[in-house]
Amino acid sequence: IRKVSQSGAVTTLAGSGDPGFADGVGAAASFASPDGVAIDGEGTLYVADWDNHRIRKMASVAIPVAPPAYEALSTFSEDLATLLSDDTLADVTFSIDGEHIRAHRLLLVSRSKYFRVMLMSSFQEGQSDSIVTIGDTTPDAFRALLRYVYTDRLICDDTSVVDVMRKAQEIELARLCSLCLQYCRKEVAPTNAISWLVQADTHMLSDLRALTLAYVKREFRRIRMVARSSLLSLSESPELMLQVMDGV
């Protein structure tokens with residue numbers, strides 16, 4: 001077993017060169033077809049002594065190991081997210097339920113075909129001083145959608161995730177739809193399953209509907225115990241209620 005320094009100097013750490021098995025220091029040790037080496041965090045050397053069917057530990061040999069080089073974590077997403085709370089350079093204003101939300105045209109048009117068509121058109125929405133009205137969503141859901149556009153990450157809660165998914169489907173943000181569905185699959189519970197199912201049925205979110213319908217059928221007794229009042233919303237959709245009760 002030999003060591004080659006960075007300068008090219010070769011030294012023998014252990015082994016006589018003749019096949020066999022013997023423990024010892026330096027040339028007093030012998031190996032039979034040593035096949036590989038590994039070094040642990042303390043600099044101890046381990047040898048796979050193939051024909052001797054052993055792992056040999058060279059505890060007396062200190063091999064200096066350079067500490068791993070750690071890269072600082074990227075703050076790219078967080079830095080972009082801060083733009084949403086700082087409208088110094090914002091040049092687009094959206095109005096959702098009467099609430100104004102400022103955003104940055106360049107980021108929006110570079111990340112979304114929907115916003116590119118809207119904000120680069122010759123219509124009113126494309127004018128720099130216009131206020132763009134966004135309907136059929138909530139301010140919280142739209143902020144979550146903008147945050148995704150800025151950072152490629154979904155941050156939402158149980159009350160806004162379906163609204164985010166609806167708007168994402170409308171403006172063809174397929175990956176955001178997928179992230180919303182992943183969130184629902186992970187967080188579905190007796191307290192939110194009925195609400196999500198009714199919303200998915202109303203707004204034709206087929207994947208979410210299938211997910212929540214299967215959950216509600218499977219956990220109906222638990223839902224009735226934990227969140228009985230949520231079942232009342234099914235009375236407004238008799239067909240959906242029949243599907244829930246089928247097989248329960």
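1. Start with the contact of two helices. Ala-193, Ile-194, Trp-196, Leu-197, Ala-200 and Asp-201 of H7 touch Leu-208, Arg-209, Thr-212, Leu-213, Tyr-215 and Val-216 of H8. By type, the residues of this contact are nine nonpolar, one polar and two charged. Bear in mind throughout that this is a predicted model.

2. Next, the geometry of that pair. Helix H7 covers residues 193-202, and helix H8 covers residues 206-218. Their axes come within 9 Å. They cross at roughly 145°. The crossing of H7 past H8 is left-handed.

3. Now turn to the sheet. What is the order of its strands? The order is S3-S4-S5. These three strands make an open sheet, and the pairing is antiparallel. From one strand to the next, the twist averages 25°. As background, strands of a sheet pair through backbone hydrogen bonds, and the pairing can be parallel or antiparallel.

4. Which strands stand at the edges? They are S3 and S5, the latter made of residues 54-58. Each has a single partner strand, so one side of each is left without a neighbour in the sheet.

5. Look at how S3 and S4 are joined. S3 spans residues 34-39 and S4 spans residues 45-49. The two strands run antiparallel, with five bridges between them. Val-37 has Val-47 in S4 as its bridge partner. Gly-36 has Ala-48 in S4 as its bridge partner.

6. S3 and S4 also form a hairpin, with five residues between the strands. Check Gly-43 in this hairpin. Gly-43 takes a positive phi near 90°.

7. Last, Leu-181. This residue lies in helix H6, which runs over residues 174-187. Is Leu-181 buried or exposed? Its relative accessible area is 13%. The cut-off for buried is under 20%, so Leu-181 counts as buried.

8. What does Leu-181 touch, leaving aside its neighbours within four places in sequence? The contacts are Met-165, Asp-207, Leu-208 and Leu-211. Take Leu-208 from that list. Leu-181 and Leu-208 are 27 residues apart along the chain, yet their C-alpha atoms are separated by 6.4 Å.

How values were computed. Residues are numbered from 1 along each chain as its sequence is written. This is a predicted model: local features need pLDDT of at least 70, side-chain atom pairs count only at pLDDT 80 or more; totals for chains, interfaces and linings use all residues. Side-chain values use heavy atoms; hydrogens and water are left out. Axes are lines fitted to C-alpha atoms, for helices over the stretch in contact, and angles run from 0 to 180 degrees between N-to-C directions. Helices (H or I, at least four residues) and strands (E, at least two) are DSSP runs, numbered from the N terminus. A crossing is left-handed if the near helix is turned anticlockwise from the far one by less than a right angle, and right-handed if clockwise. Contact means heavy atoms within 4.5 Å. Ala, Val, Leu, Ile, Met, Phe, Trp, Tyr, Cys and Pro count as nonpolar, Asp, Glu, Lys and Arg as charged, and the others, Gly among them, as polar. Two strands pair if DSSP finds at least two bridges between them. Buried means under 20% relative accessible area, exposed over 50%, partly exposed in between (1.4 Å probe, protein chains only).
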